[in-house]
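Please consult the sequence and the structure as shown here.

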Amino acid sequence: MTAEALDPLIHVPARLQIMAALATLPAGDQLSFKRLQDMLELTPGNLITHLRKLEEAGYLATTKTGSGPASRTSIALTHDGRHALDVYATTLRGLLNGV
Amino acid sequence: MTTHIGPPSGAPDESRMEPREAARLLAQTQADARRSLDFRAPWVSLVAAAVALVGFGLVWLSVRNQHPFTGPSPASLVVFYGLIAFRIATVIYAYRRARSGISGHSVMAQRNEAVAMGVALSIWYLVLIAIASSAHHSAGFYWSLGLNGTLIALAAIWTGRCAIHRRWREAALTVPVALIAGVGAIAGPRGMWLVNGVGLCLLLLANAALEAWQRRGTPAPTVRASA
């Protein structure tokens with residue numbers, strides 16, 4: 001098994017951090033964009049770009065509430081996203097154990 | 001909270017990682033996120049330990065030479081309840097700071113649990129009032145029932161909550177609280193303030209040390225994705 005076996009969408013530092021941070025929340029919970037940005041210390045533009053890619057893959061879902069300056073975006077891992085991260089972690093473990 | 005989502009600034013980092021680096025990043029990010037989202041920080045336990053020692057200690061100083069026991073002085077009770085209010089305020093502050101930006105099922109579930117625990121404690125107080133009203137007792141009996149009874153009830157309610165969530169380390173903390181209150185009841189209306197103050201202070205200090213130890217340093221690169 002080689003590093004090519006790892007999901008290329010997740011195997012990027014910023015996206016792995018996004019997925020890992022969101023995975024610590026219980027299923028059904030969401031995290032605000034601002035809080036996620038503060039936790040990962042990413043620029044808004046950089047975070048948005050990675051979030052879009054993960055959302056397009058169906059790994060996470062974003063919800064926007066309110067409008068104008070009071071709008072708020074919340075992000076959560078989808079069931080597929082959790083599964084993809086589990087598969088990624090299992091593959092990674094296999095690589096590290098030399099399987 | 002306002003979120004301004006503008007156009008992306010600069011090209012995002014698409015660099016790949018070595019598997020070992022990825023494992024380290026995954027473990028580190030999850031450890032950091034858990035720390036950030038958990039309000040049970042060591043400083044919260046340290047504040048609680050200081051509150052227990054000072055609050056119970058001041059009341060003990062006001063009753064230790066009373067023969068017969070008439071009850072704590074109003075001044076010591078004002079400080080005691082003020083410190084309890086301060087302790088509650090620090091927990092609320094830590095909780096709000098840790099949980100800011102989180103929404104969803106667990107938030108609603110925690111609100112429901114808080115209501116359920118409030119109802120359980122209210123029922124317990126009705127039982128205490130019924131016991132206290134059943135016959136005429138000394139001032140020491142009422143104070144012991146109110147203080148030690150409350151601590152035992154809180155420990156029992158929290159143990160139930162911990163068992164539901166399978167948080168066995170927290171559950172292990174609640175059992176000594178009930179034991180300390182039990183020893184306090186045996187120590188009598190004067191000694192119980194000292195027993196509870198010192199006992200709870202030591203227990204909370206041990207808990208703070210354990211929390212600090214669990215939070216310290218970078219975790220080993222063990223690969224685990226699930227929350």
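Q: In which loop of chain B is the place of Arg166(B)?
A: Residues are numbered from 1 along each chain as its sequence is written, and chains are lettered from A and ligands numbered from 1 in the order in which they are written. Helices (H or I, at least four residues) and strands (E, at least two) are DSSP runs, numbered from the N terminus. Arg166(B) lies in the loop between α5 (139-165) and α6 (168-215).

Q: Is Arg166(B) buried or exposed?
A: A residue is buried if 20 or more other C-beta atoms, placed from the backbone, lie within 10 Å of its own, exposed if 12 or fewer, and partly exposed in between. Arg166(B) has a positive phi of about 55° although it is not a glycine. With 8 other C-beta atoms within 10 Å, Arg166(B) is exposed.

Q: How is α4(A) oriented to α1(B)?
A: Axes are lines fitted to C-alpha atoms, for helices over the stretch in contact, and angles run from 0 to 180 degrees between N-to-C directions. Helix α4 (residues 79-96) of chain A packs on helix α1 (residues 19-37) of chain B at an angle of about 130°, with the axes 10 Å apart. Angles under 35 degrees count as roughly parallel, over 145 as roughly antiparallel, 65 to 115 as roughly perpendicular and the rest as oblique. The angle therefore makes α4(A) to α1(B) oblique.

Q: How many residues of the contact of α4(A) with α1(B) are charged?
A: Residues are in contact if their C-beta atoms, placed from the backbone, lie within 7 Å; Ala, Val, Leu, Ile, Met, Phe, Trp, Tyr, Cys and Pro count as nonpolar, Asp, Glu, Lys and Arg as charged, and the others, Gly among them, as polar. From α4(A), Ala89(A), Leu92(A), Leu95(A) and Leu96(A) meet Pro19(B), Arg20(B), Ala22(B), Ala23(B) and Leu26(B) of α1(B). The residues of this contact comprise eight nonpolar, no polar and one charged.

Q: What separates the C-alpha atoms of Thr2(A) and Leu95(A)?
A: Thr2(A) belongs to the segment before α1 (13-23) of chain A, and is exposed, with 7 other C-beta atoms within 10 Å. Thr2(A) and Leu95(A) are 93 residues apart along the chain, yet the separation of their C-alpha atoms is 6.8 Å.

Q: Over which residues of chain B is the pLDDT below 50?
A: The mean pLDDT of chain B is 87, and 89% of its residues reach 70 or more. The stretch below 50 has 25 contacts in the model beyond near neighbours in sequence. Where pLDDT is low, the predicted coordinates should not be read in detail. In chain B, the pLDDT is below 50 over residues 1-10.

Definitions and conventions:
This is a predicted model: local features need pLDDT of at least 70, side-chain atom pairs count only at pLDDT 80 or more; totals for chains, interfaces and linings use all residues. pLDDT is the predictor's confidence in each residue, from 0 to 100. Two residues are in contact if their C-beta atoms, placed from the backbone, lie within 7 Å.
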